[in-house]
Structure formats: C-alpha cells, structure tokens
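I opened this notebook to record what I looked up, chain by chain and contact by contact. Each entry is brief.

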Amino acid sequence: MDGLKPINLSPRGSDTAHSLAWGLIAAAALIVGIVVGSRGLKDFDPALISYAGATVFSAFGLGYRYAMWLRRPPTRLYWFRGWQIFLIPKRLPGNIARLVRIFWNNVVLQRFIERRSKTRWTAHWFLAWGCLIAAAVTFPLSFGWIRFETAADNQQIYRAFVFGIHVASFPLDSIMAPLAFNILDICAVMVLIGVFVAMWRRGRDRGAMSVQQFSNDLLPLVLLFAISVTGLFLTASTHLMRGLYYVFLSQLHAVTVIFTLLYLPFGKFFHIFQRPAQLGIDFYKRAGEEGGQAQCIRCGQPFATQLQIGDLKAVQSALCIQYAMRDGTHYQDVCPACRRKNLALTQDALWRTPEAELQRFDRF
Amino acid sequence: MSERAFYIDYSRCIGCQSCVQACAECDTHRGVSLIHLETIQRRESVQTAPQVCMHCEDPICARVCPADAIKKTPDGVVQSSLKPRCIGCSNCVLACPFGVPRYQVEIDQMMKCDYCYDRTSVDKKPMCATVCPSGALTFATAEEIQRSRRGIAINSWKFGNEVVKTKVFVIVPREVERVNVELVQISPTPSALSDDPYDVALMLESVE
Amino acid sequence: MAKLPVDVPELVKQFGPTLNRVPAGGWVGSEEQDRMVKTHCCFCGQQCGIQLRVRNNKVVGWEPWEDFPFNLGKLCPKGVKRYMQDEHPDRLKHPLQRVAGKGFEPISWDAALSRVVSEIQRIQKTYGNDAFAVLTGASLTNEKAYLLGKFARVALRTANIDYNGRLCMVSAGAASKKVFGIDRSANPWSDLPKAKVILAAGANIAECAPITTDYLWQARENGGKLIILDPRLTPIARNADLYIPVRSGGDIGVFNGMLHIMIERGWIDRDFIAQHTTGFEQVAEAVKKYTPEYSARIAGVPAEMIVRAAEMWGPAPTSFLLHSRGIEHHSKGVDNCIAAINLVVASGRIGREGCGYAMITGQGNGQGAREQGQKCDQLPGARDIENPEHRKYIAGVWGVPEESIPGKGLSAVPLMEAIHDGKIKGLLSICFNPTVSLPDANYVRAALEKLEFYVNIEFFLSETAQYADVVLAGSLMEEDEGTTTSVEGRVIHHRKVVSPPGEAREDWKIVCDIARRLGHGDKFNYSSPHDIFEELRVASKGGVSDYYGITWEAIDNNYGMFWPCPEIGHPGTPRLYEGGKFGHPDGKAHFLPIEWRPSAEMPDDEYPIILTTGRVVSQFLSGTQTRRIGGLMDQYPQPLCEMHPRLAEKVGVKDGDFVKVESRRGSVVVHAQVVKTIRPDTVFIPYHWPLDRSANNLTIRAIDPVSNIPEFKICAVRVSKTEQPTDPIAKLEVQAGGIR
C-alpha cells in the first residue's frame, strides 16, 4: 500500500494525563447523554440512580483504559492504520460491505470461537448475547432513555417511549408483552446456560485448568452468575412469592450489578470493547496482500507483507527494540523459519571451533 | 514450579520429530503441535533445529502485540495468546527473535509453546523434553546439567543490538558468555565446494 | 488357493491401510480417573518403558514412564504415537475367510478353526508333515515365541518353522555365538557413556534406535570419541569424531585394516589374548595383507580414515563396539560381524565397566524371540535342535518322545523358495509381512500364490494377509500379556492394557485352540501367558539363555531382569564375560580369521549403482502398524530415493523428480531426494512401503551361508528419470503403496 501516511507512534505528553482526559470526556459525554436523553431528567427514574452512577464511573474507566491502550505503539499503529485503510475513499463502499459481513460472522455468530472449540463457543455465545441484550435493555432504562407506560385510555395497551418519543404500543395479551416484561429473565437464563457450559469446560479441561486464574477467568463467571441469579430471584419474588424479600433482593441485585460495572474496565470484560478492533485487522491484512511481499534476506522466500514488516520496524523503533545487524541488514527481514535455522547453525558452529574441540579432549 | 529448568543443545538434535509428535499430547493444546523442528538444508546436511519458546524475561512478542494478548505468568512463563484478546495480526510471529509463535489460521489466533504449563506447574517435565531421545531438549536441575554436559548453560542472546534474556537456557562451550546471532548462510551449491562439511563425495575424493 | 480374492485397490478400500489421526474419545485432555498401565513400546528392540492411558477399556493416550532406567521417559515418534494403533478403523475384529471375487467375509471362530485344522490335516496327510510350514515374528512376546516353536514341533511336527528375525538379528547372533559363545549384547547400555571410544558400524542409530542417541552423546560429553561407519552421513555421523563413508559390503576392509595397524603398532592386549582367547595367530596372519592401502580399496574410503580409526580405537583405555543391520544384512553378514568383534577381543576391552560390545536388535523382541525355539534350528533356551542332549531335555519338558521332535528345518528365505517350488503346500503365519519385508518381493508374491492353504493370524489385514485363505483376528501387544527381552538382554514385562476388540482373541489362545483341535490339547493346556512363561523358564534352564531364575515378580521389582539367571534369587547378569570368562566350553573367546569377499551382486555396466535399504525413524518394519498412524505417515509419507548430486547429475535427475529404480528382479518408481550426505556410487530407499513402492522389489535373494540373512544392504540397480505413474496402484493413498 503506497501513500499511507506514517503514523506517529510516540505522541507527546504524558500517557496518564492523556488517558485521564479521555476518561473524563467519556464520563462527561455519558452524563450529557443521560440528561439530554431523559429530557432533562424528566424520564429519569431516581430509583435507578446507583446504576447510572456506576455506569458513569465505568465510562470513565473504559475511556481511560482505552486511551491508555491506544498509547501503546503497536495498538496505535493498527488502530490508525486500520482507519486510514478503511476510509480510503475508493475502498470505502467495499469496506463497508465487508465490515457488515465480518461483523455478522465474528460478532453476531462468533464463528472464530466456534473454530477454537464448540463448547467454548456455546458458552461464549450464550454469555455474550445474554449480556448484550440485557445491556441493551437495562442501560437505556437506567439512563431514562426508554420508558414504558400504560395507555391512558386503555389499561390493556402498553406504550413504549424512546427519548420521550412514542415508538410502539402493544396490547398486554399480545406476544410482545411477556417478551418485553421477561426479556431480562430470558437473558439471565442465557447467561446461566453460558456460565454452566463454561464452568463445565473449565472443570474438565486439564489444559484450561492449568492456565486459568481466578481473577481473570473465574471471577467474571461468578459475577455473571450472581447477577443472573439475583435477577431471577426478583422475578420469582414478584410472581411466585408475592414480593417476599423483594427489597433485600433488589439491593443484592444492585450490588452485583454495580460491582460488575466497576470491574468492567479493568478485568476480562474489557475485551468486549477491545475485541471489535479486530475487525480492522482484516482490512489491514487485505491491504497488505495487495501491496508487495517482504522477502527473507536469508532464504529469499516471501514471508509477510511489506506493509506489516515496515510497520513492525516502526513499532520496534518506538519500543527501542534494536534489530539492526552489524552488517547493515535488519533482523526483522529474516523470516521466522530462517531465524530458527540460524540459531541452530550459530550454536552448532560454536561447538566446531578448535577451542571447543580442545576442551572436549581435555576431559578425555 | 520446580527448580528444574529447560535446556536446549541444538547440536544434539537428530531430527527424529519425537518432540513434534509429543507436543500435541500436552493437555493445554492437545492435538496441536506447537514446537518447531526445522530441517536446515537437507541437500547439504542432515542437521535439524528444534525450537521451543525461550520464555524471554521481557518478551518482544508481548511488546509488539497490539491487543495486549500475551502474558507472562508470575513464574516467568510466556503464555499462548489470551483467546479473548488475540486478534490474529501475527506481529508476534514476525517479531519473535527465536521464530516461535505460530499463527493458527483455522482459529485466527496465535498459539505458542507454553512450557507445558499443565505439566511444569505441577513439577512434571514438559512433553518434548521428556521424550527427546537425543537430549537436545532437556528439563533438569542446574546441577544435573553441570555434571553431565561439557559446556555451560547460558541464557543471554544478542540480535543486532538487542540483548535478550531467556528463561530457557542454551548449552554452549565454556568460554561463551552470550550467543551473538549473525546470519549464517548455507549456500545451495550446484557442485560441492571444498569447505562443504558434510559432502560425502568430498570426503572420498582422495580414493577416486 | 492363496491368491488375492479381489484386486488390491478393492482390498485397500475394505481394510486399509487408513490413517488414524485422532485418539479414541477425541483430542480431549487427561482425566483424573484415567487408568495408567506401565508397559513397553511394541516397536523396536529398545523396548522403551511407557505408560498407556486407559479410559473405558480404550487406550486414549499415554504418559512417560520416567522411572524405567533404559529410556527414562524418552520415546521416539513411533513410541509417542503408538497408541493410535488402538481403536483403529482397520482393526480386524473377527475371523475372515477369502471369497474369490468378493474379498473377505467374516466367519465364526468355530468355522474358521475347523477349516484351518482340516486343511492342516489334509496337507500333512497328503504331502507329509513338513509340507505345512509356520512363519513367525520377532515382535512376538517370549511366551508366544516359545508357544509357536512348541506348536510347530509338537502339534504340527513340522521341521519348517522360521521367523522374521531371520531378516534382522541372525548374523549378529551367529557371529557372537562363534566368537563369544553367547548370542546376546555383552553389556548393558549404562556402559556406553563410560567408553572413551565407541565404534558404531552400520547403525543408523538416530533413526533406528533413537533412544541410544543420548547414550552416545553422553559418552561424547565425557570426552569419548565416536567412529561411525555408514555409506550415508546419518544424524549421528554428523557429530562423529570420525565418520567413515564405507562402501556397502566393504566393512571388512575397515575392520581388518584397523586390526592390521593395531597389531603393527602394538595396540593389542597380548596378555588378555593369551589368557582368554584362541585363534589369534590365524587372525594376525589373515590381516597381514590388509595394509591401509589394500583395506582402503575394499572399503572404498581413503586409507587415512582407516589409520585414524585404528589410532582412535587402538590405544583407548575403554571402548565399545556397536553394530547393526548395516554390516549384518549381507551374504557375508556373519563375517562382517566377526571381523568387527575381532577388534574388541584383540583390544581385551570387554567384560568390564565401559568396555564392551553390543548388537542393536531391531525388532520388538529381537533378542528374546530368537531364544525360545521358533528358529528353524533352535529349541528353547537357545538350544541346538541337532544336539541330542538338547533335544532330550526339551522332549522331557514337553513330555514327548525325543524322536518326535523334527530336525532342522528351512530358514525364511529357503522356506519361501520351497513354497515357490511347490514343496511346501500350507502355511500358518503370524507377525510377519514377507511381501514387504523379504527380498525379491515379486518372487515372494508369486510363491504365496502357489500355496494350497494359507492361514494368517493378524490384527490388521497386512499386504501378506491379503493372500490368506483364512485370517484369524489376533491381538496387539497391549491386548495381551507377556515378556520380551530388550536389546540389553533385559527381560521385561508387557502388561495387558485392554482386551482385544470385538471377537478378536489373544494370539496364544488361537494357537492353543488349533493345537487342541489337532488333538494335542494336553500339551497346550495353558490358562494364561504366565503359565507359558513358567514352562519357558524350565525349558530354558541350563541353556545358554537361561531364564530359570526370572519370575514376573522379579521383573516387576527390578525394572527387568538380565539373563542368564540360572536360579530363583539370582540377580541376573547385566554384563557378560566379566573376568574374561566367555561362553564356550573352554571359557575362551574364539578369534576367527576373516577374508573379504565380494557381495552377491556387484554393480556392473548394466546396473552400475549400489542400492542399499533401511529404515526411517517414523516407520517400523513392514509398516503394518505404522503406516496406519497419521502422525507418523505425515513425517515421511512415501519412500524417497536418496542420491548424491553428482550421481543425480550423471543420470539427469533433479530433487523431487520421479525416478524409476530397476534391478534384475524388479523396479520401483519413487521420488528422488538429492543429498550430499550419501556416497555418490550408492542410492538408498527405505523399505517400509508395499507393492510398487517396495524397495524389496529390487533386493536380491542372496543369503549368508551361516546365518541365512538376506543381502538387503547391497544389490545393483540403475536409476532413470520417469513420469508420474498413473496406474491404479499409484493412485492409492501413499500408506497403501500409492505415490503423490
């Protein structure tokens, strides 16, 4: 790919200050969003303020962490290169079409996980969609962006408002009603299925068991389990136990959710925000294929795209990795297979010097 | 983790591929072999080269990873990419000075030797170093190595100006303090060159 | 009517070889409740310890057995992937009978055994007892080897039983017996690292005995020097201190030449020779003419190499000689070995720590299977079938009249010739795939077709079993229990890991059943392999290979027991010949003078190139098992013809070209692999593949007059570039004999 502008991999300023600023911007933007979206807090339900508050903190954390992440030279390079390539005007329409396709496969169906392991994919798909749908409902609710009310003229009709605008009405005996009222329960069940499959896998797979860590691999499952179960208890309390312990349960539920929101930017869940950046890699790889191939200076065979090798060298110099060789060549221009061969040849040659031979016979 | 460490002596390798076959038996990635075994240039020689992950102190693979997907355990083992994070860009594959990480096309993810973490974390030997018939790959205590090898074990490498320290050791002659890696070429010659060390025809020259 | 019932592609479609790539239960990790069984690898004479992992009576994986002292957990790729032969789709699970035009169809055990027995009786009645022959294998346990020897002599009363160890250990064994009086490696492997010089002749250790590699490297670490004789620069030779690219069949030049120099320079142990040997003068006389120059002409190497070898070997304080098929697979195989062993005896360096001699057995039970009486000339305990004393003792053990035991029968190659000539009409075989492993494979196939009745006991339908009238579904090593004797002379215990699948049965039960139906049930009344071992112990008592003091319990408690072990409680004998006491009645080692002679077929104008054959690390013998394992086939999928660039240039061949290799007996089409690591006058093709990819289409049916080993290591061929073959055989998968 010619004509791509170089990317500044060592931006000025302090990483922390920069990231703090982005964190604050994200939090502020969310607050503005809540205020505007709830028509000046008119639709805002004060009972949900603790949820909204935790979300604002989470937004700050996510902004901070994302910005910090983008300060790392390799991330920065891929991020900006990805956008550069995506936005090239004459490629844009094709890119958008392609984006839709990869989005469908990688985000909606999560096919790449299926190829890693069916069990893992099953667990992840239920977890992911349980959470995403639940989030799509609860966040707007807690922000006051969505609200439901009974029609003034007919107790049997339910009306839904988004940003204060009436978007739909449905009768209570329609199929929509139970779906709308129980969507979170459905999500909770999906999440629980995911949690159980994941725990089953982690409890059986010795490989997974040996590398898993509590804070990174098990805590998220515990949190999701807690949220789902307490949520389901709320429903059970309402419908089956006439509100028994409802207040206590709702507080317990709130605690689990708020803890998860606070954990969101720093634990495993951050990958939800990180992962979509993967979509850019596809465009990067395709653009690279259209450009030239880099040839290994040892075996002469192509081994990567010139785009990537060039970018990698830039990343390395930003990271102070010094691969320039004494003879003027660059170690990054040696293909991985030749590196492996070269290492063995180097070590083997050390043994074939006269000194090494003498040493051997000294022990004779 | 035990007091035993991993040692490579490339010169011992006989290319039998036991390590390659056994690697796929490791529980963390059963069915997938992650070790490398290169036949250096079969026409000229029978020399082969095994390569496991060297588990760098400051792994370059992790430094060039845009997704922050490569992590080191507290005991210094550089793990395969984290599945939720790896985006399959291959930066690590291309940047690793030892040529270790593998990009697995089917799963669009990098996997690499993880020191048989399922085994070494419970004080068992890694698969490859257990089976290796030649001792090119060995998992032993420093004392055992000192007793049984004529060379010494070092873990310092230099690629260009980049100095790399690794958890895995290499066996070298006693006077060597660091492996300074320069490019070593074996040129594929149409007819034998006089300095060709493994050309049987040249060895026989004086009888012909 | 031992002809293929349908054509090969149809048989391959029904019975494979197909590749097993995934273990039973899939690529899942180990589980807590998995059962671990300590046993041994079934491939090759090293007999490495391994633990097989079992779940629901299925072998699902393995774990190293790091305590076993020989290999300490080490395994070659065959050992690693060995468990993939279990739960294999090609596995024979019931008896089969040949149906012309259709293939094979399952029959009941009763029908199968009735047919076998009636055919045996018909043939023996019509043509005499010796017209029914038995061919067995050296990968069988000691118990099965013993049982089959007894079966032939007692139940069939045929002289004609021999085994495929005939293609493996017999030259080494005969030479050892002649010089030392005992046919066994003289030392345990633990002596190797203590040797200051190791001479390995005709031993591609890295590929054929990979576990020995570390022992050699360890010797080098200790300052020991390594001398390698091989027409190919093997991975071991690459690190040798002296590599001698000897011409195939020229080894005696090197050995006699070395001895010539050693005598000249006084590097022999005159005291030892005087006290513990006989015949040195004749040998000294014989090697007089083997000056470095004369020797060099025989060996086809520079004279300096031979001088250098003598300089390294001669004055060394400790030394170890290793040899294997490279010098043994010759029509002068025994002489080659004796010439090598003369170097050991002349140096006096044997029978003590770091000083010794070993032959590297190739087959799973290469050592043990030749001691239990399934060789055409032997009775159990490595006894001589022609020796009246020996016959009497065994007749007593078996409870049969001495005169009922037949005399010496035909060895494998002459036995196949007798089949071809119509003298032998019926055959029972087990653990032997002669259409792949015997020389002159076209001849072997033609011979099999002449059999009136052929029954084969197998776990997979091998290329030879395809010729059978009845195939009896037998057992894999891990489906039965027993002992083998490893390369070191260490008797070890193979535990039963799982039961045979379907209706398949343990081999020993099948053999006993046939004996019973032949009316000899009282002599084959065993309830387990342990019963057979107990009888074997007694049968071997007082013999050369005396197992009498070896019990299964002692084996389990001591990581194996070394024979001779003459009484219960005896510690066994890891190192032979201590104190210069040899196995002959006079207690001395017997030097024998050796003269070089040409091989049966030397290159000429018509066939100007030497062909030598051998193994690759990923395959075992005729490949019946290893050509069915995906991981192993991937490693080296099809045979390649190794040739030097100079030869390649001369015949106009480039690396990767299809080449036709022809001898006076047949041809193969394979790919060329152009490498500088082979003598320019020699090509190499590994022999594990069948049909048009079988190196043994080319090899010569010449045998050593003493050991009767075939001359696999040298015959004359020509090589030419050719096109990719497109016949139906070529189109088969590579593991079935196709080519890609």
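**Conventions.** I worked with a predicted model, in which local features need pLDDT of at least 70 and side-chain atom pairs count only at pLDDT 80 or more, while totals for chains, interfaces and linings use all residues. Residues are numbered from 1 along each chain as its sequence is written, and chains are lettered from A and ligands numbered from 1 in the order in which they are written.

**Chain B.** I found 7 helices and 9 strands in chain B; helices (H or I, at least four residues) and strands (E, at least two) are DSSP runs, numbered from the N terminus. I noted that 62% of the 208 residues of chain B count as buried, a residue being buried if 20 or more other C-beta atoms, placed from the backbone, lie within 10 Å of its own. The C-alpha atoms fill a box of roughly 65 × 40 × 35 Å along the principal axes.

**Chain B against chain A.** I looked up this contact and found 57 residues from chain B and 54 residues from chain A; two residues are in contact if their C-beta atoms, placed from the backbone, lie within 7 Å. On the side of chain B, α3(B) gives the most, with 4 residues. By class, that side has 27 nonpolar, 15 polar and 15 charged residues. Here Ala, Val, Leu, Ile, Met, Phe, Trp, Tyr, Cys and Pro count as nonpolar, Asp, Glu, Lys and Arg as charged, and the others, Gly among them, as polar.

**Chain C against chain A.** I recorded 5 residues from chain C and 7 residues from chain A in this contact. The side of chain C has no nonpolar, 4 polar and 1 charged residues.

**A sheet in chain C.** I traced an open sheet of 5 strands in the order β10-β9-β8-β12-β13 (chain C), with parallel pairing; two strands pair if DSSP finds at least two bridges between them. The edge strands, each pairing on one side only, are β10 (242–244) and β13 (356–359) of chain C. Strand β12 (residues 319–323) of chain C pairs with β13(C) over 4 bridges in the parallel sense. I also noted C:Tyr357 in β13(C) as the bridge partner of C:Leu321. Helix α15 (residues 333–347) of chain C lies across β8 (197–201), β12 and β13 of chain C, at about 170° to β12(C); axes are lines fitted to C-alpha atoms, for helices over the stretch in contact, and angles run from 0 to 180 degrees between N-to-C directions.

Note on methods:
Buried ≥ 20, exposed ≤ 12 C-beta atoms within 10 Å, placed from the backbone.
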